Amino acid sequence: MRGNPGDAAGKPESGAMKDVFRLFGEGDELYAEMVHSIRTATRRIFLASYILAADEVGADLLDELMKQSRQGLDVRIHVDALGSSGVLTRQHRRQLRAAGVRLQRFHRWSWRQPLRYNRRDHRKLLVVDGETAYVGGFNIHREGSRRFYGPQRWRDMHVCINGPLATEADALFDAFWCGDTQWNPGSHPVGDSRIIPNTTRTCRVQLRCAIKEQLAGASDKIWLATPYFVPDRGLRKQLVLAARRGVDVRILTTEKTDSTPAQWAARAFYRELLEHGVRVFEYTPRLLHSKVLLVDDAWGSIGTANFDYRSLFINYELTLISENEALNGQLRNEFITDLRDAREITGIAWKHRGFIKGVYDTLGLLLRKWL
């Protein structure tokens with residue numbers, strides 16, 4: 001071929017196929033629903049994950065995938081070689097292949113092509129029978145589970161899609177699996193939403209172009225949640241220009257991080273943004289890993305891409321862009337909830353944070369394109 005869940009964010013209209021969305025903010029509920037979808041599959045199951053760990057969370061999914069493969073279903077797993085290194089061992093891979101699962105590891109280390117190792121497959125996508133798709137920020141590992149990781153599990157967001165978009169997600173997986181990393185389902189959205197990769201034949205920075213266009217046209221609000229906030233000069237300019245013309249620009253990033261240099265780089269931009277009226281918040285209870293952008297009341301995105309050089313220029317990503325009113329309303333509510341647990345960064349306090357911290361910020365800035 002080629003080509004606690006939230007309330008449904010859309011209902012099928014009579015006589016027409018329409019995408020239905022369910023939003024997940026808790027990993028345990030997401031993983032349970034994914035297992036259920038895998039268990040009820042009848043034809044094929046496609047899974048892509050930057051991190052696929054054979055831990056307490058991943059073991060259930062892998063067991064169900066192997067069972068379905070033994071029943072004759074087309075089961076394919078595409079993992080990133082670096083992201084899943086050490087958590088999906090050679091023994092686990094042998095077990096999967098012995099069960100008939102087709103497994104690919106993206107960009108394994110090669111002395112002949114060492115530079116390609118820097119370009120990662122950062123997608124998180126599960127498609128079942130071409131009818132149900134899951135995409136978002138959750139990797140498959142215990143860090144996403146309250147049951148196994150505890151109260152400090154990562155804060156993340158994921159969406160389940162039923163409808164025509166799931167068919168496009170199915171084709172996107174298949175194209176990438178076959179080595180066509182530039183394939184794009186097309187520029188015309190299905191209904192009010194579309195799933196886009198960040199790299200296509202016609203535009204190697206498609207996602208960035210879409211984001212820049214929305215920032216430039218914003219008239220009311222720009223709300224961004226991202227764990228890694230390292231925007232390039234053009235996107236920073238659009239954020240500043242939007243704040244100057246009175247748009248409510250809020251950046252929500254994370255205080256707790258798994259990449260200290262990336263946090264240094266992010267904080268190097270705070271002063272410039274604060275001086276021009278952009279509001280910056282750091283989520284404090286746990287590591288914020290969700291990737292959500294809301295522009296005015298009509299446009300929203302959720303997916304795998306961070307707001308940084310690596311996601312916008314280097315890695316392979318997938319993002320759901322939607323004008324679905326109900327889905328974007330749920331995303332706004334989640335954003336507001338997270339703001340209540342965040343600390344706002346003020347310009348006065350930031351100016352007096354100390355020389356050493358400023359040095360760290362500068363170092364992060366110098367490394368920003370490699371983080």
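This is a predicted model: local features need pLDDT of at least 70, side-chain atom pairs count only at pLDDT 80 or more; totals for chains, interfaces and linings use all residues.
1. Thr-132 belongs to strand β6, which covers residues 132-136. Its relative accessibility is 13%, so Thr-132 counts as buried, the cut-off being under 20%. The side chain of Thr-132 makes a polar contact of 2.6 Å with the side chain of Asn-162. Beyond its neighbours within four places in sequence, Thr-132 is in contact with several residues, among them Ser-37, Leu-126, Cys-160 and Ala-166.

2. Geometry of helix α11. This helix has 16 residues, 325-340, and at 1.5 Å a residue it should span 22 Å. The C-alpha atoms at its ends are 23 Å apart, which agrees with that expectation. The N-terminal end of α11 is capped by Asn-324, with a side-chain oxygen 3.2 Å from the backbone nitrogen of Ala-326.

3. Buried residues of helix α11. The buried residues of this helix include Leu-327, Leu-331, Phe-335 and Leu-339. Asn-328, Gln-330, Arg-332 and Asp-338 are also among them.

4. Salt bridge between Arg-155 and Glu-334. Across the whole structure, 26 salt bridges are found. In one of these, the side chains of Arg-155 and Glu-334 meet at 2.6 Å, N to O. This pair links distant parts of the chain, 179 residues apart: Arg-155 lies in the loop between α4 (146-149) and β7 (158-162), and Glu-334 lies in helix α11. Arg-155 is buried because its relative accessible area is 6%, whereas Glu-334, at 28% relative accessibility, counts as partly exposed.

5. Salt bridge between Glu-282 and Arg-343. The closest N and O atoms of Glu-282 and Arg-343 are 3.1 Å apart, and the two residues form a salt bridge. Here too the pair links distant parts of the chain: Glu-282 is in strand β12 (residues 279-283) and Arg-343 is in strand β17 (residues 342-345), 61 residues apart. Glu-282 has 0% relative accessibility and therefore counts as buried. Arg-343, at 38% relative accessibility, counts as partly exposed.

6. Arg-76 is buried, with a relative accessible area of 7%, while Asp-74 is partly exposed, with a relative accessible area of 22%.

Notes: Residues are numbered from 1 along each chain as its sequence is written. Side-chain values use heavy atoms; hydrogens and water are left out. Helices (H or I, at least four residues) and strands (E, at least two) are DSSP runs, numbered from the N terminus. Buried means under 20% relative accessible area, exposed over 50%, partly exposed in between (1.4 Å probe, protein chains only). A polar contact is a pair of N or O atoms within 3.5 Å; within protein, one must be able to donate a hydrogen and the other to accept it, and residues adjacent in sequence count only if both atoms are side-chain atoms. Contact means heavy atoms within 4.5 Å. The expected span of a helix is 1.5 Å times one less than its number of residues. A salt bridge is a side-chain nitrogen of Lys or Arg within 4 Å of a carboxyl oxygen of Asp or Glu.
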